[in-house]
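Subject: Model for you to look at, with notes

Hi,

Here is the model I wanted to pass on to you.

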Amino acid sequence: RLPIDHQVTPVGETPGGEAVARARLRRFLDRNLARYGEARNEPAEEVTSGLSPYLHFGHISTAEILTTLATREDWTPARLGPGKNGKKEGWWGMSAAAESFLDELVTWRELGYNHAALRDDIDRYESLPAWAKATLEAHTGDPREPVYTLAEFEAAATHDEIWNAAQTQLVREGTIHNYLRMLWGKKVLHWSKSPREALAILIELNNKYALDGRNPNSYSGIFWCLGRYDRPWAPIRPIFGSIRYMSSDSTRRKLKIGPYLARYAPGRQGELF
């Protein structure tokens, strides 16, 4: 009887609560942290923490995660690095895997929250950096083929099985593997009528289905696909201009994508690779 969108079904395999969040943290630290730095981009490995929804809903805090990790690392502030050197490794004085995880948990998460605290337009196209808006608008008139509607994107009805698999995971589980979430956003930009329409589609899909949607870090991820927290990249490409480009072909070459497609690609679930 609740006035909600009942098209969005419950995610039965992701229960909430403080106890579950702490159990997930323990499992991540016990089983996956050691491989986090080297395997976090591999969809088949599943070494990420899965804590983003629990952070979003307040079932666990960044402070508790950091304290638990620091205790396991036998860490004290005396082990902090010598100062600002522009590198993400070596600042904390923890293991390489722990530092890689803290780069996401602390650096990028706090960046998103700080941005949201200082500005009231983090969900608007106008908040993009000037260079990103300029290059996107310079290529707004570029031919786009194919072009998909919101309904087609939502139904995972594109020509690209990797993108469709990522969208299927989002609808089914309320999340997308970290690396494929970036590709998912980039291709919506590629296949939409305009950058503004792409942004509207990304926000709609993310906020409707993602368990960590409507969060400053969700907006960081969406807007990163359009140039926020990034820099111009060469070469200049149609549609993207100097926005960082990603493709499904390069993803196939770089990652072991077969098991992920067997699990999520429409029509391919259950295939063996």
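Predicted model: local features only at pLDDT ≥ 70, side-chain atom pairs only at ≥ 80, totals over all residues.

A quick word on naming before anything else: helices here are DSSP runs of H or I with at least four residues, numbered from the N terminus.

**D212 and its contacts**

Is D212 buried or exposed? The relative accessible area of D212 is 10%, so this aspartate counts as buried, the limit being under 20%. If you skip the neighbours within four places in sequence, the residues in contact with D212 are S52, P53, H56, R181 and S218.

**The second largest pocket**

The second largest pocket comes out at a volume of about 150 Å³. There are 13 residues in its lining, and V8, V11, K208, Y209 and L211 are the closest to the centre. Which helix gives the most to that lining? It is α9 (residues 195–209), with three residues. By type, the lining splits into eight nonpolar residues, three polar and two charged.

K208 turns up again in another setting: together with D5 and E154, K208 is part of a network of salt bridges.

**Salt bridges**

How many salt bridges are there? The count comes to 16. As a reminder, side chains of opposite charge can pair when their charged atoms come close. Three pairs that I went through:

- R40 and E104 have side chains that meet in a salt bridge, at 3.3 Å from N to O. R40 is in the loop between α1 (18–39) and α2 (52–56) while E104 is in helix α4 (residues 96–118), so this pair ties together parts that are 64 residues apart in sequence. R40 is buried, at 17% relative accessible area, whereas E104 is partly exposed, at 29%.
- E46 and R263 also have side chains that meet in a salt bridge, with 2.6 Å from N to O. This pair links distant parts of the chain, since E46 belongs to the loop between α1 and α2 and R263 to helix α12 (residues 258–264), 217 residues apart. Both partners are partly exposed: E46 has a relative accessible area of 45%, and R263 has one of 37%.
- R124 and D120 pair through their side chains in a salt bridge too, at 3.8 Å from N to O. R124 counts as partly exposed at 40% relative accessibility, while D120, at 67%, counts as exposed.

**Helix α3**

Helix α3 (residues 62–72) has T62, I65, L69 and A70 buried. Where do these residues sit around the axis? They cover an arc of only 125 degrees, so they are on the same side of α3. That goes with a general point: an α-helix has 3.6 residues a turn, so residues three or four places apart point the same way. As for what covers the buried residues of α3, the list includes α1, α2 and α4. After α3 comes D74, with a positive phi near 50 degrees.

**Backbone points to check**

Two cis peptide bonds to look at. One runs from E145 to P146, with omega near 0 degrees, and P146 is placed in the loop between α5 (130–138) and α6 (150–154). Another runs from A234 to P235, again with omega near 0 degrees; P235 is in the loop between α10 and α11 (248–254).

Then there are positive phi values in residues other than glycine. A156 has phi near 55 degrees and lies in the loop between α6 and α7 (161–173). A156 counts as buried, at 12% relative accessibility. For I239, phi is near 70 degrees, and its place is in the loop between α10 and α11, the loop that also holds P235. What is the relative accessibility of I239? The value is 4%, so I239 counts as buried.

Cheers

Terms used: Residues numbered from 1 in each chain as written. Heavy atoms only, no water. 1 Å grid on protein atoms, 1.4 Å probe; cavity = no way out; pocket = protein on both sides within 12 Å on 5 of 7 lines; lining within 4 Å. Points joined across faces, edges and corners; volume = space filled by probe spheres on them. Helix = DSSP H or I, 4+ residues; strand = E, 2+ residues; numbered from the N terminus. Nonpolar A, V, L, I, M, F, W, Y, C, P; charged D, E, K, R; others polar. Salt bridge = Lys/Arg side-chain N within 4 Å of Asp/Glu carboxyl O. Buried < 20%, exposed > 50% of the residue type's maximum accessible area, 1.4 Å probe, protein only. Arc of directions from axis to C-beta. Contact = heavy atoms within 4.5 Å.
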